[in-house]
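Thanks for coming. I will take a few minutes to walk through one model, and you can follow along on the screen.

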Amino acid sequence: MATFKIKRFNPEKQPQPYYEEFQLDIPPAATLLDCMNQIKWTLDGSLTYRMSCRSAICGSCAVKSNGHALLACQRQAEHLLDDNDTITLEPLGNMQPIKDLVVDFTPFWDKINQVKPYLQPDDEVPPQKERRQSPQEFSLIDDASTCIMCGACYSDCNTLEVDDNFLGPAALAKAQRFVGDSRDAQTHARVQALSEPGGVWDCTHCGECVERCPKPTRPFDRIKEIMTVALEHGVHDNNGARHALSFFNSVKRSGNLNENRIPVESMGFFNIRGLLSLLPAGLRMFLKRKAPPVIHHSIDEVDDVKRIFKELGQ
Amino acid sequence: MKFALFTGCVAKGATRELMLSTTKAARGLGFDFVEMKSASCCGAGVVSEKSPLLADALNARSFSIAEKQGLDIVTICSTCQGTLKKTEAHLNEDAEYKKQVNDILREGGHQYNGKTRIKHFANILATDEGMARLKERVKRPLTGLKVAAFYGCYVLRPSDRSDFANPDNPTGMEDIFAALGATPVYYPSRIKCCGFPIVMMNKTASLDMSGNALLDAIDHGADVVATGCPLCHLSLDSYQPEIKILQETNNSIPVLHLPQLVALALGYSPDELGMDRHIVSTLKINEILHC
């Protein structure tokens, strides 16, 4: 007998959420969603959650299981049991619960809309035939196209936990689907907008989105692709791009990182406010001898590293 | 056991106490770590923002250096570990890509053959052999010290490249703490991000991330946080006095590098391990351990 510990919430009856436990024999090969259905149909008809296709296509049934977002219809319940034969179910994170396991997706959709998730071609009159792509061209947006908008990545995103302004992994993956589209004519404008605060450079590289994504979308990898395009398009007037370029140039010069230069170059030499913000940590570290050596040393055989940069035209 | 030590840049720069304590911990455990002085920076997932191929070529060159010595690589930074593993996956999953990278390396006398393994220091300790050495060589059991692990994202995610058995609920670091005689503290934030990658871009969000994690460790009763990543260390220790949530609650907690914790248990003194270099005082640890 397994225990399903479910976070319940019904603001019409009680303002605070609470946990309720249900006992259920997990049928052989049952998915988590099958079990949720069993609980709803046989134990408590008031249990509320979203579901539809039961085939990991519609993206409706994402919930948190044992603290991590997943698609309830995609995972076998037995595989989710903890050491106490319990599965803890909670609503997705980073969004407000409406009732039980149902959350308000409004901010999620607002951010998807914010990245203009539609083709912006340069032709004024629509063409007579469809706009075709080669398989190679499609391969650049293939992964992003697989997103089913389930919200699992949004739920577990570490930046979103502390900053509502971040567009989040799903919207940025959707953005890459158009940044990388050979038929789109707004690449430069797109990467410029995506380099603003709340855009790609606010991603903290935690990899949670890749881990939770039930499809091959891998949002973090798509975010990195947007960064590369932004740098190629010369969108450099922001701390994220300056940081990437400073890092890159440091390795190019010495094979390793010059930690004294990177903070200053990331802020920009004329960004007085930004440079002042570095002072407290810099001073603390200097006084504790935690600062990098003043004279920066190259790695041994740095010439071979320089040769590789040159050979790749960098 | 002999390994090629991929030091990473930060252990030779802002957190030199990590290098110092790694050398001591290795010596105390009877490991032979040979520093890879001609290896380049791993790129930290940042060089690849500019050029993914370049980032992989540089890391493949580092692998080749270890292969020539017939050694596996040991890292002491979660970010180095994850970034190197990413290159390894790229090369091993695509023979054509590997050939392209090897063609770039050839002129420098390097080739990547896929023979060297890449292991984080924690994953070397968390083996049967590592645990046996720890238990055998501990001279100062860390009795009474409650230690909260902070893993660092890159050693856990993506999980298919992680050496920890269950990256969503790992126990490798905690097993090491227990072998050292300490009391492991389990808390939800131990697998979260420290916020360091965006400290230059979004400092408020970055400090909120590290603050939430530290407060979580404190709330779960930890005396000290130990991490296997010097970037996490910078975030959790060097920026700690600026973290609003800790200021508001009048809290602070020392943060150690994993090799410092290990070397403490092997009998080295706090001063020998550079613990006086930390921003947040580590004296509380000395008091608990009477050292």
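I will start with a pair of helices in chain A and then go to a sheet in chain B.

Please keep in mind that this is a predicted model.

So, chain A. The two helices are α10, residues 239-254, and α13, residues 302-311. Their axes lie 7 Å apart, and the packing angle is about 130 degrees. An angle over 145 would count as roughly antiparallel, and 65 to 115 as roughly perpendicular; α10(A) and α13(A) are therefore oblique to each other.

Which residues meet there? From α10(A) we have A:Phe248, A:Val251, A:Lys252, A:Arg253 and A:Ser254. On the α13(A) side they meet A:Val302, A:Val305, A:Lys306 and A:Phe309. Sorted by class, this contact has five nonpolar residues, three charged and one polar.

Now chain B. Here we have an open sheet of four strands, in the order β2-β1-β3-β4, and the pairing is parallel. Which strands stand at the edges of the sheet? They are β2, residues 32-35, and β4, residues 118-120, of chain B. Each has a single partner strand, so one side of each is left without a neighbour in the sheet. From one strand to the next, the twist averages 40 degrees.

Next, one pairing within that sheet. Strand β1 of chain B, residues 2-6, runs parallel to β3 of chain B, residues 72-75, and four bridges join them. B:Ala4 stands opposite B:Ile73 in β3(B).

Last, a helix on the sheet. Helix α4 of chain B, residues 78-93, packs on it and touches β1, β3 and β4 of chain B. The direction of α4 makes about 160 degrees with that of β4(B).

Technical notes. Residues numbered from 1 in each chain as written. Chains lettered and ligands numbered in written order. Predicted model: local features only at pLDDT ≥ 70, side-chain atom pairs only at ≥ 80, totals over all residues. Heavy atoms only, no water. Axes fitted to C-alpha atoms, helices over the stretch in contact; angles between N-to-C directions. Parallel < 35°, antiparallel > 145°, perpendicular 65-115°, else oblique. Contact = heavy atoms within 4.5 Å. Nonpolar A, V, L, I, M, F, W, Y, C, P; charged D, E, K, R; others polar. Pairing = 2+ DSSP bridges.
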